[in-house]
Protein chains: 2
Amino acid sequence: MIQAMARPTPLSGFPEWLPTDRAVERAVIDTLRRTFELHGFSEIETRAVEPVEELTRQGETAKEVYVISRLHDGEQGGGEARLGLHFDLTVPLARYVVENAGKLVFPFKRYQIQKVWRGERPQEGRFREFYQADIDVIGSQELAFHYEVELPLVMAEALSALPLPPIRMAVNNRKVAEGFYRAIGVSGVAATLRAVDKLAKIGHEAVAAELTDQGIASAEQAERILALADVRGADETVAERVRALGVSSELLTEGLEELSALIAAANERLPGVIEADLSIARGLDYYTGSVYETTIEGHEDLGSICSGGRYDSLAQQGGQVYPGVGLSIGVSRLVARVLSAGMATVNRGVPTVVLVALGSEDDRAAAQRVAHALRRRGIAADVAPSAAKFGRQIRHADRLGIPFVWFPASDAGGDEVKDIRSGEQVAADVQTWEPPAADLTQRLVPGSAEE
Amino acid sequence: MIQAMARPTPLSGFPEWLPTDRAVERAVIDTLRRTFELHGFSEIETRAVEPVEELTRQGETAKEVYVISRLHDGEQGGGEARLGLHFDLTVPLARYVVENAGKLVFPFKRYQIQKVWRGERPQEGRFREFYQADIDVIGSQELAFHYEVELPLVMAEALSALPLPPIRMAVNNRKVAEGFYRAIGVSGVAATLRAVDKLAKIGHEAVAAELTDQGIASAEQAERILALADVRGADETVAERVRALGVSSELLTEGLEELSALIAAANERLPGVIEADLSIARGLDYYTGSVYETTIEGHEDLGSICSGGRYDSLAQQGGQVYPGVGLSIGVSRLVARVLSAGMATVNRGVPTVVLVALGSEDDRAAAQRVAHALRRRGIAADVAPSAAKFGRQIRHADRLGIPFVWFPASDAGGDEVKDIRSGEQVAADVQTWEPPAADLTQRLVPGSAEE
């Protein structure tokens, strides 16, 4: 395969990492996966494509869908379904659950870490191709409330295992907002939520004006809506403060009980991470219970890196309904920030722990035997690319960040290994030598790479 | 998100697995990755898309390319490059190496495990979306021959670590064929290779007829070409038998030396796996040195599950040329066969080792504390979905394949854990109890799942 090419330039919105940065991304993904599995979530992967009709069912995202067609099919005849790349992992999950319902055990706890595609205009931190990491619990016909407590805690635990500044997960509950609005005589719940969603951006007065101008609420109702949105906190006083607003309804009471239960459990299991924030409106228009948004301290400009909520019907088919609770991490956006802010790097550029030096090309078979013996014991080893002065081989190891250079036995003596960081060189046996545990694998370390 | 849908049907060519089968695929991928890293290969991932011109540079595959376009862009205006999904990992590697040449250390050893897409007609074992696992070593300007020995051995080792019947890797060398053909006066090397490639399918006479009918070779030349193609073996007699055909040239001699060196090293390091087969022609038309094809004993109908070779120029840019050696495993096709032939499964359907039983919903917080203590010690644990009779909770664990059910302390006594396979129930402490090592993680086991 001969490819003469002009130097290619990166495609905006399609991130790629150098090997060291990919190792960081990989370590992040492996950490998430490990946490999800410790909590009993099974992995699934879904195909990259779905029928276009399924992808465009929710009108708002239709513009972002990438449609695929075979190069020589032109307008894609052949009677095949028109396919597009998935833009999230929720639409595929709904389809997968319905398709395989008879073979799954419910409640079905699954995690899924895959790339998704959105044809949006690329901008800082917004990609056209990116990894999402999702966890969901799906019930058949019903799903107990306690999963609305457990799932955000699993995500908070997973994120806390990463080399990030502290995270803050803000929670709200659709039942609180809807119960409150209806109790004060406001029936345009979705429109109210859309207005309240702008609170942080445009402020109280502008939101109140929008509510009254559009005839969604009277001035007095708008005031009470904003008083509700101002409630936030991480203890039982949240419910008290809402009740002090003097509004009550069955739905509101149920919502406050759920919100209080979530905060109480979070305070016990992961203190200081989760707090109620009744101004959160985004997501409440399609979620039906708890909702979650997560920011990183000092990186609030990134927006929510992990969001989700409760939905009473992920999918319906025949007489079956599948309620769920789920959260999704925007992994690529998170990793891009980890890298650009120097939050973490890996301890070296390659998986290799030991580079076996080569006195002459004739020694390659012997050097390979040394490397093979080390690998059998789980120690990643490579043989020098070519015979050269040992100084040059040590420089090669140094450029790659390989910590140890092995000198196989020769007429001059037995096997020796050198820690090229300290310069210490000692006699060693391939059957027993071990690197320090911190050197055994490529792993995340805080701070940015030295170049 | 409400999705009422007709029961969806699988898309032909886009495989998806149930969670247990995905765990098998995941274990296969993790095993490959582990072997590649032990040998010092760094992982990269490339974006799913490349400019269509790059994908169609090799005319033969053009028909298979999926082009992407934004749903509302119609004919995709906007002056953006037309993009298609990659159909292999070699075209992206070539582009990545040229794009990042200044930041990579050569020889660059990389592995890459990603999905690729081909718009081919789906048929048994041929997918439109599938995983490939590639290893390549790329040099800058030059690349030593010894990598042509090492890379197939890495792949053979990786495949041997999987729960497969014995594999057989057949090797050939472009220099042997080309040197031989030219020495006997045949200049249409590519046409000769195309004819020889049909040997197994159509037999000696038909290949000889094709060579002579098309004026590629005389009857006598055709006979000698077929005599060369008949040579196979796993020892030094291979070169002897070729030399006994009475043809010699510098290129042929060089090719035979390389082939012999490869076989000798393979016999030392991985006896019984690699053999020379001079009838292998596929791939020789674009590779420039060694080529490799791999079959599984008893599953030869699958074709080659791992192929590759040496290319003198993966890419060129400016005055730079990047030679390489690489092999690629068709992971999805392999996994599909592992599953359909019952070669392997996983020890259980979920990652969970312990299900914590729940006497009443009031005990959930205490049960979560037990699960949390186990997880902190690396033991995957889940709490029962709902309070129920213990017999029902044990049946839930059994359906998922979870081996242990934990009964938290109550008025009736201290914590106990039951191995639901043996029925044995013993007193246990969350701070010290360990499952047997074989139960700790979800892992591959030979044979098919019991249903």
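The legends below describe close-up views of a predicted model.

**Figure 1. The contact between chain A and chain B.** Chain A contributes 80 residues to this contact and chain B contributes 81 residues. On the side of chain A that touches chain B, helix α3 (residues 90-100) of chain A gives the most, with 7 residues. By residue type, that side of chain A comprises 39 nonpolar, 18 polar and 23 charged residues.

**Figure 2. Strand pairing between the two chains.** Strand β3 (residues 66-70) of chain A pairs with strand β3 (residues 66-70) of chain B. The pairing is antiparallel and runs over 5 bridges. Within it, V67(A) has S69(B) as its bridge partner in β3(B).

**Figure 3. Domains of chain A.** Three domains make up the division of chain A: domain 1 (12-166 + 297-346), domain 2 (172-289) and domain 3 (354-446). Taken over C-alpha atoms, the centres of domain 2 of chain A and domain 3 of chain A are separated by 62 Å.

**Figure 4. The open sheet of chain A.** The sheet is built from 9 strands of chain A in the order β1-β5-β6-β12-β11-β10-β7-β9-β8, with mixed pairing. Its edge strands, β1 (42-43) and β8 (232-233) of chain A, each pair on one side only. Elsewhere in chain A, strand β10 (residues 290-296) and strand β11 (residues 306-317) pair in the antiparallel sense over 2 bridges. Opposite Y292(A) stands G308(A) in β11(A).

**Figure 5. Strand β6 of chain A and its two partners.** All 10 of the 10 residues in strand β6 (residues 129-138) of chain A are buried. In a regular strand, side chains alternate between the two faces of the sheet. From β6(A), E129(A), Y131(A), A133(A), I135(A) and V137(A) point one way, while F130(A), Q132(A), D134(A), D136(A) and I138(A) point the other way. Strand β5 (residues 108-117) of chain A pairs with β6(A) in the antiparallel sense over 10 bridges, and F108(A) stands opposite I138(A) in β6(A). The pairing of β6(A) with strand β12 (residues 320-330) of chain A is also antiparallel, over 7 bridges. There, the bridge partner of V137(A) in β12(A) is V325(A).

**Figure 6. Helix α4 of chain A.** Helix α4 (residues 146-160) of chain A consists of 15 residues. From its first C-alpha to its last, α4(A) reaches 21 Å, close to the 21 Å expected at 1.5 Å a residue. Because 13 of its 15 residues are buried, α4(A) is largely enclosed by the rest of the structure.

**Figure 7. Helix α10 of chain B.** Helix α10 (residues 250-269) of chain B has 20 residues and spans 29 Å between its first and last C-alpha, close to the 28 Å expected at 1.5 Å a residue. Among the buried residues of α10(B) are L252(B), L256(B), L259(B), L262(B) and I263(B), along with E258(B). The buried residues of α10(B) pack against α4 (146-160), β7 (167-173), α5 (174-183), α9 (237-243), β9 (274-277) and β10 (290-296) of chain B.

**Figure 8. The nonpolar cores.** The largest nonpolar core has 220 residues, and those touching the most other members are I68(A), V97(A), V24(B), I68(B) and V97(B). Apart from its neighbours within four places in sequence, V24(B) contacts V335(B), V338(B), L339(B), A344(B), T345(B), V346(B) and L444(B). A second, separate core has 26 residues, including L38(A), V356(B), L358(B) and A371(B).

Key. Residues are numbered from 1 along each chain as its sequence is written. Chains are lettered from A and ligands numbered from 1 in the order in which they are written. This is a predicted model: local features need pLDDT of at least 70, side-chain atom pairs count only at pLDDT 80 or more; totals for chains, interfaces and linings use all residues. Two residues are in contact if their C-beta atoms, placed from the backbone, lie within 7 Å. Helices (H or I, at least four residues) and strands (E, at least two) are DSSP runs, numbered from the N terminus. Ala, Val, Leu, Ile, Met, Phe, Trp, Tyr, Cys and Pro count as nonpolar, Asp, Glu, Lys and Arg as charged, and the others, Gly among them, as polar. Two strands pair if DSSP finds at least two bridges between them. Domain bounds come from an automatic or database domain assignment. The expected span of a helix is 1.5 Å times one less than its number of residues. A residue is buried if 20 or more other C-beta atoms lie within 10 Å of its own, exposed if 12 or fewer, and partly exposed in between; C-beta atoms are placed from the backbone. A nonpolar core is a set of buried Ala, Val, Leu, Ile, Met, Phe, Trp, Tyr and Cys residues joined through C-beta atoms within 7 Å.
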